[in-house]
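Thanks for coming. I will go through a few local features of one model, starting with the terms.

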Amino acid sequence: MFDKVAIFGVGLIGGSLALALDRAGAAKRIVGIERSPGAAQRALQLGVVDEIARNEADAVRGADMVVLATPVAQTDRVLAAIAPHLTLRTIVTDTGSTKGNVIEVARERLGGKWPQFVPAHPIAGKEQAGVDAAEVELFDGRRCVLVPEVDTAGHAVEAVRDMWTACGALVSLMTAEQHDTVFAAVSHLPHLLSFALVAAIAREDDAAMKFAHAGGGFRDFTRIAASSPEMWRDIFIANKTAVLSELTAYEAELRALRQMIESNDAKAIEAECELSRNVRSQLMF
């Protein structure tokens, strides 16, 4: 059990983490801190956290676990603010969807306290944002990837592993390069494509008619286009190299399909669809 867990950003992920920790009896006290006073009070009103910290120093004072559940672009600011107030027993982790940039910033901002930082990424979420969308069961049976470096303290890794396990997650480890490459393909690119499709249709003269007649396929493909623009803006920029690499591969696939359609190559089109159907049918979620 943690004596005090401080969560920066009590929205969907941070709020769900607080609820799951409370369900597990894994924290005596959960303190939240938010940019928006209204969001902070809402988290308190809903009973998601035990109290709201007045500032960064107040949040981390006496905490044995500090969790950054903020958009990745805020990592630098938050770490710079809390670094002077961390003790040698304070473990720090994050929930960001990119890891290479987070590790670089954490090394610079935390200095000698860097080994206490455990980069992490819970693979859970939904298109709704904010503390009202938080769910106690959000992490149950879902993966959480830890991305420790060679000089990350072993006891810190174990503590973060235990925290996510208590919240119902299935914990695994990756390197930062593996993480950013994998999630550029299976998370970042799909969100980019979903945003792009909706935006492309929205700019057409007959957009209202098209949206009015959209069916289940459009609904399923574009569900994630309702996600937080701020969060995904930060992710696309932070993981730019890997995202652009996956986008290039996807563009090549589209060009090949376009050529098949232009040349009425029914056999090639069917083979392409068959490959995708077989692979997708075998995936377990």
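Buried here means under 20% relative accessible area, exposed means over 50%, and partly exposed is in between, with a 1.4 Å probe and protein chains only. This is a predicted model, where local features need pLDDT of at least 70, side-chain atom pairs count only at pLDDT 80 or more, and totals for chains, interfaces and linings use all residues. Residues are numbered from 1 along each chain as its sequence is written, and side-chain values use heavy atoms, with hydrogens and water left out.

Cysteines, then. Searching the whole structure for disulfides (a pair of cysteine sulfur atoms within 2.5 Å) gives zero. Cys144 is in no disulfide, and the nearest cysteine sulfur, that of Cys167, is 9.0 Å away. Cys144 is buried, because its relative accessible area is 0%. Cys273, at 48%, is partly exposed.

Where is Val279? Val279 sits in helix α12, residues 266–282; helices are DSSP runs of H or I with at least four residues, numbered from the N terminus. With a relative accessible area of 46%, Val279 counts as partly exposed.

Next, the loop between α11 (240–262) and α12, where Asn264 is found. Asn264 is not a glycine, yet has a positive phi of about 55°. Its relative accessibility is 66%, so Asn264 counts as exposed.

That is my list.

Conventions: Helices (H or I, at least four residues) and strands (E, at least two) are DSSP runs, numbered from the N terminus.
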